[in-house]
Amino acid sequence: MLQDQDLGVLSSSGTAWGHFLAICTAHAGSARLWLVDEVHDQFLGPSLDAAVLEGLRAHGVKPPQVFAMEDGSPQTGDPKAWGRLLAPDLSQGSLAQVETELLEPLESLVGLHDQGAYEAAHARLADSFRTWDARLAEQRYVDGETWGLADVLLFVILVRLDPVYYELHKATVGLLRDFDHLWAFARDLYEEPAFADTTDFNTMKFVAQRGRPMLNPQGLVPRGGIPDLDAPHERHFRFALVDVRSGGAEEAPRGQRTRGEWVRPASKLRSWLGSDEFPAVPGRYHLYAPYNCPWSHRALLGRAVKGLQDLVGASIVYFRRDPEQGWQFNPKIPGCTPDLEGQRTFVRELYEEVGSAERSVPVLWDTVSRRIVSNESADILRMFNSAFGKEAKRQLELVPPEKEAEINRLNELVYQRLSNGAYKAGFAKSQAAYERAYARYFSMIDWLEERLRTRSWLADTEQPSEADLRLFPTIVRHDTIYYSRFRLNRSRIREQRALSGWLNRMMGLPGVSEASNLDHARNGYFGRTGNQIVPAGPVPLELSPKDYGPEVWRR
């Protein structure tokens, strides 16, 4: 009996069961997976051993198929059985029910030639879709709190509804977006790399359209019909499975990732200002932050918008990092300061004083206990909102209690898809990872544009909230930095009427302009590129490396 590690899987998105098998294999990693691009007739993935490749050709193996890694010989078994073998951690649950109530009726429509029989089958299928939509309104996954094989098959069916079944099979029960809960379910699962990395709509459409000459005699492959699975959704909030109590959304660094995806390290020093350990005493705390870092920008915005300048000191870190020592101070550059609290040369010295190997900014420092309160910008921003109470010069409530849940939800969506998403595009190590981050980023831009058409502020508050302050650093950087530096070049914010109007309102908010410096940001981002040239547009560059010698500008 062959073991999982002796098996290879040849599959694609071309057929429903092939897609099912690819997802199971990609999730479990129990066998090596080769995806086939059937449009261009080529393998995608690791190189195949010459002997194995010869064996596959000799046996005429085509996807989907499980084969022996030793000689390329195909292994018998149906896709459901192979799915259970290759992904034993996934429960079978309602797999058979999904197959009999949805997949089999959808596939059978193409074999019907009697109008009456077709209409009767179509009516039963429409009922099934409505029933499943209602079922997924009450629970996140088909069989409860975790996804299993039934969810994999349902996802495979749903993503084919628009590009294959609706037109080719005449399954005109509705498009995916017409079923609110099924559409959210599909987008929710698409967050998982096993689903996103194996879903190829071009192959899906090509195999279906070219494989049915009676239904499509011209062999034309429609260009449209691809559902926007990258569009934001709120399914994980609805079922209370996301913890955003502090407003600090984080990645799970060890979770499954798209190949080549960049992952941001999690901040580890996260105590709370206003606790017994760190009482909110005016003048006791000091913020270290550069203008160019968008996470530091959050903290600087909170300090300035709340009017805490006399209560919390700040040292502005230089926007260029030393290659070996990291973030540094450089008071010779306009807008930067020395370490106004301890005369240090590098931010790393703060971490060394508390025995930490971290090096990130911002840092909120306790000048009395000589300890770091927090290096998580989301927490610092929220602490600045409430810690000093009436001592803040501006009594702007950034997290109104009645809006806290909504603000947390918006923060998480903006962080995952936009703020951190920009970095996932800019620092991607593969084309697939970049393209996915790009799609998610602009789906979120479109979602924000639509939302801001009917409200002045993101959380529908009377004044700007924390959600607006957390969105601002990304939006203000887009046109001048991210558009070219991170290759997010579909459109500019200036072309988005609602978003550009919101950006102008934010720039007029007291404290925002003071806490923002796009010249520092441009010099920081582009100074780290190959030739270190900083673009002179699209707005004039006032702070330029041409005006300083290397001893001042530094590396």
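Ring pairs tie W295, Y415, Y423, F427, Y482, F486 and Y525 into a cluster; here, rings of Phe, Tyr and Trp (its six-membered ring) pair if their centres lie within 6.5 Å, with planes under 30 degrees apart called stacked, over 60 edge-to-face and the rest tilted. The model is predicted, so to speak of local features takes pLDDT of at least 70, and side-chain atom pairs count only at pLDDT 80 or more, while totals for chains, interfaces and linings use all residues. Residues are numbered from 1 along each chain as its sequence is written, and side-chain values use heavy atoms, with hydrogens and water left out.

By the ring rule, the count comes to 22 aromatic pairs. Y423 and F427 make an edge-to-face one, with centres 5.4 Å apart and planes at 80°. Y423 is buried at 9% relative accessible area, whereas F427 is partly exposed at 24% (buried is under 20%, exposed over 50%, partly exposed in between, using a 1.4 Å probe and protein chains only). F486 and Y525 also pair edge-to-face, at 5.8 Å centre to centre and 75° between the planes. F486 sits in the loop between α16 (466-485) and α17 (497-507) and Y525 in helix α18 (residues 518-526), so this pair ties together parts 39 residues apart in sequence; helices are DSSP runs (H or I, at least four residues), numbered from the N terminus. Both partners are tucked away: F486 is buried at 0% and Y525 is buried at 7%.

Y482, another cluster member, has contacts (heavy atoms within 4.5 Å) that include P294, A422, Y423, Y441 and Y525, leaving aside residues up to four places away in sequence.

Terms used: Helix = DSSP H or I, 4+ residues; strand = E, 2+ residues; numbered from the N terminus.
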